[in-house]
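Take a moment to look over the sequence and the model shown here before reading on. The paragraphs that follow go from the whole chain to single residues.

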Amino acid sequence: MTLLMTTSEEWGSLRKAIFRAKDEMPKPAKDGTNQAFSRGGNVSTYATLDAVLAAVVPVLRKHGVDIYQPCGSTAEGYAGAESRLVHVETGEWAACSLMIALSKGGPHDTVSCTTYARRVGLLGLLAITADDDDGNGAQAGDEKRSKRRTSKPSGNSPPTDFGAMFGGE
């Protein structure tokens, strides 16, 4: 898994808008369940991407901040997303890119990784919390790749040129 945060050269107006928005932002509702982390009859819950977006989008837009989340995958077996907050008046931006190793490589695996990357990236950019009880689906690929690694680099490392992948700066 590779995580990278970048910003425009100037981003003071965006930071101020996010700061004001967070005063009004509700905590995302835990509307999802994950049986993989349920123990002793307790069901593990987390905030889904839909719940995160429902909590943050209206407040961010009220403060002049928009969200872009392009997704992508690579031939090397990684999928992910860039979450980008943009101040609509100034064009200032902050972005968090997250790429995750695919465990199976099919469409469900790709969607799982990109959805997880969108949710985690957005939560990270806003520095808000929602319990992460569903990371096991996205993490499976990284665990399998870790078991296959030797002392020499495999040449199959996560991409680091997020700008080229997601069309950013």
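Among contacts in the chain between residues at least 6 apart in sequence, what percentage join residues at least 24 apart? The share is 63%, where a contact means heavy atoms within 4.5 Å. The model is predicted, and local features need pLDDT of at least 70, side-chain atom pairs count only at pLDDT 80 or more, while totals for chains, interfaces and linings use all residues. Residues are numbered from 1 along each chain as its sequence is written, and side-chain values use heavy atoms, with hydrogens and water left out.

The chain holds five helices and seven strands, where helices (H or I, at least four residues) and strands (E, at least two) are DSSP runs numbered from the N terminus. Read from the N terminus on, the order of these elements is β-α-β-β-α-β-β-β-β-α-α-α. Of the 169 residues, 44% count as buried, a word that stands for under 20% relative accessible area, with exposed meaning over 50% and partly exposed lying in between (1.4 Å probe, protein chains only).

Helix α3 covers residues 107-126, and its 20 residues reach 29 Å from the first C-alpha to the last, close to the 28 Å expected at 1.5 Å a residue; the expected span is 1.5 Å times one less than the number of residues. Several residues of α3 are buried, among them Cys113, Tyr116, Ala117 and Leu125. An α-helix has 3.6 residues a turn, so residues three or four places apart point the same way. Just after α3, alanine 127 takes a positive phi of about 55 degrees.

In helix α1 (residues 12-24) lies arginine 20, which counts as partly exposed because its relative accessibility is 45%. Although arginine 20 and leucine 60 are 40 residues apart along the chain, their C-alpha atoms are separated by 9.1 Å.

Serine 97 belongs to strand β7 (residues 93-101) and counts as buried because its relative accessibility is 2%. Its side chain joins that of glutamate 82 in a polar contact of 3.3 Å, which is a pair of N or O atoms within 3.5 Å; within protein, one must be able to donate a hydrogen and the other to accept it, and residues adjacent in sequence count only if both atoms are side-chain atoms.

Arginine 84 lies over the face of tryptophan 93, at 3.9 Å from the ring centre, and the charged end of arginine 15 sits over the ring of tryptophan 11, 4.9 Å from its centre.

Technical notes
Lys NZ or Arg CZ within 6 Å of the ring centre and 35° of its normal.
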